[in-house]
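Please keep the sequence and the model in view while reading.

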Amino acid sequence: MIFYVFAIIVAYLLGSIPMGLLFTKLMGKGDLRKVGRGNIGATNVMRVGGLRMAGLVWILDMLKAIAAVWIGWSVSGVAFGAWCGFAAIVGHCYPVWLKFHGGKGISSLFGVLLAVSPMSFAVCGIEWLLVALTTGISSFGATIVFCLIPVLGFAISVNVGWAFLAIGLLCMWRHRENIKRLIHGTESKIEWKWKK
């Protein structure tokens, strides 16, 4: 039991590393929490550093989730790996280092998908990219992903399905303001700029 608890704690702490905030400060772009809507995720990074910087932060956020899944997988298989991925996303959304004010979890979600099921990653990635590119609204594509991943998870196994459902619900909750703006037609669009 101690290995399970330790793995969950390590996964949460990995997820808590604020890659976007650290990287933008390192690149001299200031405090990400004072830009846009104050989010520390890759979408807000794009506002200050362009697509290239946002892409790098996205990859770093994915990597910490992948590492969390691998830790859980090594302890007790793919289902526990998925739950450790969930713990990493909780850390990303509610990082202990930033008084529990973090990102919205979408990049770390994709890291979990890639580590648990590359096919699910491909399906969700293509869907998100098509929607984001055609509508210019990242959160619209993301909301569809949150509804899609439990279905993909249960197709893998019941236990993975429950973990993916928890991930989808958490990310949906973190995007609740975006969803409200989507409903009212006031959600902002992405500026696809390679560099700022």
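In this predicted model, serine 139 is found in helix H6, where its relative accessibility of 6% counts as buried. Leaving aside residues up to four places away in sequence, serine 139 touches His175, Asn178, Leu182 and Glu187. Helix H6 spans residues 138-156 and packs with helix H8, residues 176-184, and helix H5, residues 118-135, also packs with H6.

**Packing of H6 with H8**

- The axes of H6 and H8 lie 10 Å apart and meet at an angle of about 110°, which makes H6 roughly perpendicular to H8.
- H6 passes H8 in a crossing that is left-handed, and the contact is made by Ser139, Phe140 and Thr143 on the H6 side, with Asn178, Ile179 and Leu182 on the H8 side.
- Sorted by class, the residues in the contact of H6 with H8 comprise 3 nonpolar and 3 polar residues, with no charged ones.

**Packing of H5 with H6**

- H5 and H6 pack with their axes 9 Å apart and at an angle of about 165°, and the two helices are therefore roughly antiparallel to each other.
- The crossing of H5 and H6 is right-handed, and the residues that H5 brings to the contact are Ser120, Val123, Cys124, Glu127, Trp128, Val131, Ala132 and Thr135.
- From H6, the residues in the contact with H5 include Ser138, Phe140, Gly141, Ala142, Ile144 and Val145, and among the others are Leu148, Ile149, Leu152 and Ile156.
- The contact of H5 with H6 divides by class into 13 nonpolar residues, 4 polar residues and 1 charged residue.

**Cysteines**

- A disulfide is a covalent bond that joins the sulfur atoms of two cysteines, and the structure holds 0 disulfides.
- The closest cysteine sulfur to that of cysteine 124 belongs to cysteine 147 and lies 11 Å away, which is too far for a bond, given that a disulfide requires the two sulfur atoms to be within 2.5 Å.
- Cysteine 147 is likewise in no disulfide, the nearest cysteine sulfur being that of cysteine 124, at 11 Å.
- Cysteine 124, which belongs to the H5 side of the contact with H6, is buried, with a relative accessible area of 0%, whereas cysteine 147 counts as partly exposed at 48% relative accessibility.

Terms used
Residues are numbered from 1 along each chain as its sequence is written. This is a predicted model: local features need pLDDT of at least 70, side-chain atom pairs count only at pLDDT 80 or more; totals for chains, interfaces and linings use all residues. Side-chain values use heavy atoms; hydrogens and water are left out. Axes are lines fitted to C-alpha atoms, for helices over the stretch in contact, and angles run from 0 to 180 degrees between N-to-C directions. Helices (H or I, at least four residues) and strands (E, at least two) are DSSP runs, numbered from the N terminus. Angles under 35 degrees count as roughly parallel, over 145 as roughly antiparallel, 65 to 115 as roughly perpendicular and the rest as oblique. A crossing is left-handed if the near helix is turned anticlockwise from the far one by less than a right angle, and right-handed if clockwise. Contact means heavy atoms within 4.5 Å. Ala, Val, Leu, Ile, Met, Phe, Trp, Tyr, Cys and Pro count as nonpolar, Asp, Glu, Lys and Arg as charged, and the others, Gly among them, as polar. Buried means under 20% relative accessible area, exposed over 50%, partly exposed in between (1.4 Å probe, protein chains only).
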